[in-house]
Structures are given as structure tokens and as C-alpha cells.
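Here is a short tour to read alongside the sequence and the 3D view. Have both open, and we will go from the overall fold to a few single residues.

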Amino acid sequence: MIFLKALFIVVEVLCCLLLIGLVLLQKSKNDGLGMAFGAGTGEALFGARAGNVLSKATVFLGVVFMASSLVLGVLFAQQDGTLMDSIESDPAQPMAIQPGLLEGLDAGMPATDSAPVDSAPAAE
């Protein structure tokens, strides 16, 4: 199973890089990035029908890329179990509060005035 995953990851990366290269080699209407490789370089390398060949290769690699992505998704989704299935413990139970615990919390606190504090300013 690990070999299949690695194989499809390699196919995915190769298709991705080849797709980038093919898209950059294609002649656009305005000769955008195709001019970076020289005006006639594409036609000299692939012939006069380079657009047709490059378009078909782009479609083919796009289909291979999508199929390998789908297969990788299925392969990585098929796992024997989740991480939480491997933990074998009882769910946490709430702890009972003992009556003496809350009284001891106030023992360390300094005493304060029990008179209510009036936050409104005094009227003269």
C-alpha cells in the first residue's frame, strides 16, 4: 500500500511539472510567455502544428493529473481506524466536590469590608 501511495505521488508531481511546462510553451493570442522562449522556438521544436500537439498533451496530462488525484484521495481515505480508536480508556468522569474544599479556599484571602461599594459620585 505504501508503494502505491508513493508511486501515485511521483506521478502527481511529474504531471504537475509537465503541465506547467506545457502551458508555458503554448502559443497564446498575444504571445505572452511564449516570447520568453523565442518567437519561433516552439514551431522549430514541435513543427507547424505545435499548438495541436501541445493542446492534446495538455488535455492528456490534465486527465492523468485528475485521475491520480482521485486515486490518492481514495488511498489516503482508506485507513484501518482513526487515532482515537487506538486509545482504550474510559471516558473521564466528573469529580465529586467535597464539602470542605470550598470553605478552605477563602482562608488565605484577606478580609474585605462587607459594606457595599457605591460607585456613583456623591452629589453636593
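Helices (H or I, at least four residues) and strands (E, at least two) are DSSP runs, numbered from the N terminus. By that rule the protein chain holds four helices and zero strands, and its elements run α-α-α-α from the N terminus on. This is a predicted model, in which local features need pLDDT of at least 70 and side-chain atom pairs count only at pLDDT 80 or more, while totals for chains, interfaces and linings use all residues. Residues are numbered from 1 along each chain as its sequence is written, and side-chain values use heavy atoms, with hydrogens and water left out.

**Surface and contacts**

- The accessible surface of the protein chain is about 10,800 Å² (Shrake-Rupley method, 1.4 Å probe; for residues, only the protein chains shown count as cover).
- Carbon and sulfur atoms account for 67% of that surface.
- Of the 124 residues in the protein chain, 10% are buried; buried means under 20% relative accessible area, exposed means over 50%, and partly exposed lies in between (1.4 Å probe, protein chains only).
- Taking contacts (heavy atoms within 4.5 Å) in the protein chain with a separation of 6 or more, 82% link residues 24 or more positions apart.

**The nonpolar core**

- A nonpolar core is a set of buried Ala, Val, Leu, Ile, Met, Phe, Trp, Tyr and Cys residues joined through side-chain atoms within 4.5 Å.
- The largest one here has five residues, namely Cys15, Leu19, Leu22, Leu54 and Leu61.
- Helices α1 (2-25) and α3 (50-77) each supply at least two residues of this core, and α1 gives the most, with three residues.

**The cysteines**

- How many disulfides does a search of the whole structure find? The search finds zero, where a disulfide is a pair of cysteine sulfur atoms within 2.5 Å.
- Cys15 is buried at a relative accessible area of 5%, whereas Cys16 is partly exposed at 33%.

- Lys5 is part of helix α1, and with a relative accessibility of 19% it counts as buried.
- The charged end of Lys5 sits over the ring of Phe76, 4.6 Å from the ring centre; the cut-offs are NZ of Lys or CZ of Arg within 6 Å of the ring centre and within 35 degrees of the ring normal.
- Leaving aside neighbours within four places in sequence, Lys5 is in contact with Leu72, Leu75 and Phe76.
- Lys5 and Val71 are 66 residues apart in sequence, yet their C-alpha atoms are 9.0 Å apart in space.
- Leu4 is also found in helix α1 and is partly exposed, with a relative accessible area of 38%.
- Leu4 and Leu72 lie 68 residues apart in sequence and 9.0 Å apart in space, C-alpha to C-alpha.
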